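Me: Hi! I'd like to walk through this structure with you, a few quick questions at a time. Ready when you are.

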Amino acid sequence: MDSLILSRSDVEELLTMEECLSAVEHAFYLHGTGKTQMPAKIYLTFENGDLRAMPAFIEGHAGIKWVNSHPGNREKGLPTVMAVLIYNDPDTGFPLAVMDATHLTNMRTGAAGGVAVRYLARKDSRTVGFVGCGMQARTQLEAIVNVADIERVKAYDISEGTAKDFLSFAEKFGLDGEVVEIADACRSDILVTTTPSRTPVVKAEWIEEGTHVNAIGADAPGKQELDPKILLRAKVVVDDYEQAFHSGEVNVPLSKGIITEDHIFGTLGEIVAGLKKGREDDSQITVFDSTGLAIQDIATASLIYDKAVKAGKGVKFRFF
């Protein structure tokens, strides 16, 4: 049997955000109802970044993603996040495909943020603010405009050029936007944070009632973007309890005793499955703590693989 090798350009051509949103939302549903296998991420930590192994089994599909996070890569002309995914047949273990998962990771993380907005943001949300305007901000925006009637984008980045480039990207969705100071970006109906910060960059006094926050950047122990006082005021929803407690936005406040595990309302999967309620009123502050789940990767990879086979994409290779 041959395995299928899929390049980044193959994945970019095959995967749409609309399809990715559907696949990721279904993955959350299965996670919320306990119908997945997903061991905790395994980390290799280096001076300049880390590597993570992420295996999962979901609804007859299995595989593992090997992914890095190196914040300094931009200076070397490399993506901050790069990934490769092996997609296996659970019945035999055969590697059906080996695919670039850098674009896949960006898309499924954006889609997770879109699903969170669908269930946790106010229905009348019109403005979205970004703290951090790199590649992940782009897929967050692409997903959010699929689920909410956004009219205006406010962008903040430590690099003004990066913020301006992001607003140029936002124009493809017909959105008005401007580069603003960080406090102004935070005063939005929806706030997305995508920084690698290890100290809070978003102050509690900047977050108004009714705001929904997608906290995306904290995905390793010691990382945090939000003033813990925000979490104390908010309904906090995580993608996975174990991962969030270990490496999500809540990991530092939990380790310091600022919040307890009882303060976590539930998982997004539990809300998607109807086991717990999402937003309950327009004044509520909601926070989605996204660490990135392997089930999102495998659900998306299965979609890509099926489309690739039908379209005759990729290169066939015989490993064995």
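Me: Let's start with Thr-80: buried, partly exposed or exposed?
Reply: Thr-80 has 28% relative accessibility, so it counts as partly exposed. The cut-offs are under 20% relative accessible area for buried, over 50% for exposed, and partly exposed in between, with a 1.4 Å probe and protein chains only. Before we go on, this is a predicted model: local features need pLDDT of at least 70 and side-chain atom pairs count only at pLDDT 80 or more, while totals for chains, interfaces and linings use all residues. Residues are numbered from 1 along each chain as its sequence is written, and side-chain values use heavy atoms, with hydrogens and water left out.

Me: Thanks! Where is Thr-80 found?
Reply: Thr-80 sits in the loop between strand 5 and strand 6 (83–88). Helices (H or I, at least four residues) and strands (E, at least two) are DSSP runs, numbered from the N terminus.

Me: And which residues is Thr-80 in contact with?
Reply: Apart from neighbours within four places in sequence, Thr-80 is in contact with Asn-68, Ser-69, His-70, Pro-71 and Asn-73. Contact here means heavy atoms within 4.5 Å.

Me: New topic: what does UniProt list for "active site"?
Reply: The UniProt record, an unreviewed entry, lists Lys-65. UniProt positions use the numbering here, feature names are shortened, and annotations may be inferred rather than shown by experiment.

Me: Where is Lys-65, and what does it touch?
Reply: Lys-65 is in strand 5 (residues 61–69). It counts as buried because its relative accessibility is 1%. Not counting residues up to four places away in sequence, Lys-65 touches several residues, including Met-54, Leu-85, Thr-105, Arg-108 and Asp-297.

Me: Is Asp-297 buried or exposed?
Reply: Asp-297 is at 0% relative accessibility, so it counts as buried. Its place is in helix 11 (residues 294–311). With residues up to four places away in sequence set aside, Asp-297 touches Met-54, Lys-65, Leu-85, Leu-104, Thr-105 and Arg-108.

Me: What can you tell me about Arg-108 itself?
Reply: Arg-108 is found in helix 3 (residues 102–120), and its 3% relative accessibility is why it counts as buried. The side chains of Arg-108 and Thr-109 are joined by a polar contact of 2.8 Å. That term means a pair of N or O atoms within 3.5 Å; within protein, one must be able to donate a hydrogen and the other to accept it, and residues adjacent in sequence count only if both atoms are side-chain atoms.

Me: What does the side chain of Gln-136 reach?
Reply: The Gln-136 side chain reaches the backbone nitrogen of Gly-110 at 3.3 Å. Gln-136 is found in helix 4 (residues 135–147).

Me: Switching to domains: what does the assignment give?
Reply: It gives domain 1 (3–105 + 295–317) and domain 2 (123–292), with bounds from an automatic or database domain assignment. Their C-alpha centres lie 23 Å apart, and 21 residues of domain 1 are in contact with 27 residues of domain 2.

Me: Which residues touch the most other members of the largest nonpolar core?
Reply: Of its 48 residues, they are Phe-28, Leu-85, Tyr-87, Met-99, Leu-268, Phe-288 and Ile-304. Both domain 1 and domain 2 give residues to this core, so it lies between them. A nonpolar core is a set of buried Ala, Val, Leu, Ile, Met, Phe, Trp, Tyr and Cys residues joined through side-chain atoms within 4.5 Å. A second, separate core of 26 residues includes Cys-186, Trp-206, Val-250 and Ile-264.
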